[in-house]
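Reader: I am new to protein models. Could you take me through this one in short steps?

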Amino acid sequence: MQINPGAAEFPHRQIATQLKAQVRRGDWGPGERLPSIPAIAEMFGVAKQTVQRAVDQLRVEGILITKPGSGTYVRGTRRRLNRLSRGRYGGFRGYHTDLAARYRQQLVSVGHSPAPAEVADAFGVPDGTNLLCRRHLVRTDDSPVEVGASWFLPRDTAGTSLERTEAFGRPLYQEAEEATGRRYVSATDTISARQPSREEAETLQIRPDTPVLHLLHVAYDTHHKPIEVAQATWPGPMTTLTEEYKIPAPTPDPEPDPGLVLG
């Protein structure tokens, strides 16, 4: 392990590149602890602050995770988002089967809360309108990977099961269809990248400067009126978005009309 003092790249970036290469080679596997900051600094012949900057960079990139009082570890999970929210629907329930196999979803709270701007806009109500909100947290073995919430209009949910603080043994949309008497027929997904709020950073156990991916999912009924507005936020560097789709075959050019005169 060495750095090139004459290189244009900063020393901490050189160290980060080499540590990343070691992780990719498998020198340290998922969940394995790296040597201490002083030990790595001695390997490279640099100050501890330089190594700390390298580790901080790899934390932001989602490669390492630091556990206070324990050390720095290789992060073991990169969540793949397949087909966004479309997997919530359909007869095979693939999204929920996959989720249950790899993640643990925990219902955090159920109650009425002021709607944030994007949720209020989707429902067409003023900012801060009290709506029913069901909040959840998704975890893997080593860390939280998603904070989310599903919002509903109180007039649709009053006195229904959706107001109860309990998880359902079926997809939420099926419970919502039965409770509201409205059927989900279409939906839109909007993904954006941003900095996390303080609460999101603390819950997801990421640095405040780590970017997150944020999904706004709006589900509509037969009259194109929103039934549910759902939010999900994931640590950006630890999350990959995968979309698989068919590519249509080329359409043959139509035969020219023999009666058409070109001139």
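Author: A nonpolar core is a set of buried Ala, Val, Leu, Ile, Met, Phe, Trp, Tyr and Cys residues joined through side-chain atoms within 4.5 Å. Buried means under 20% relative accessible area, with a 1.4 Å probe and protein chains only. This is a predicted model: local features need pLDDT of at least 70, side-chain atom pairs pLDDT 80 or more, while totals for chains, interfaces and linings use all residues. Numbering starts from 1 along each chain as its sequence is written, and side-chain values use heavy atoms, without hydrogens and water.

Reader: Which residues touch the most other members of the largest nonpolar core?

Author: Nonpolar side chains tend to be buried together in soluble globular proteins. Here the largest nonpolar core has 18 residues. Those touching the most other members are I15, V51 and L64.

Reader: Which helices give two or more residues to this core?

Author: Helices are DSSP runs of H or I, at least four residues, and strands are runs of E, at least two, numbered from the N terminus. The elements giving two or more residues to this core are α1 (11-25), α2 (37-44) and α3 (48-60).

Reader: In what sense do β1 and β2 pair?

Author: Two strands pair if DSSP finds at least two bridges between them. Strand β1 covers residues 64-67 and strand β2 residues 71-74, with 4 bridges. K67 stands opposite G71 in β2. The sense of the pairing is antiparallel.

Reader: Which residue of this hairpin takes a positive phi?

Author: The hairpin of β1 and β2 has 3 residues between the strands. A positive phi near 80° belongs to G69.

Conventions. Buried means under 20% relative accessible area, exposed over 50%, partly exposed in between (1.4 Å probe, protein chains only).
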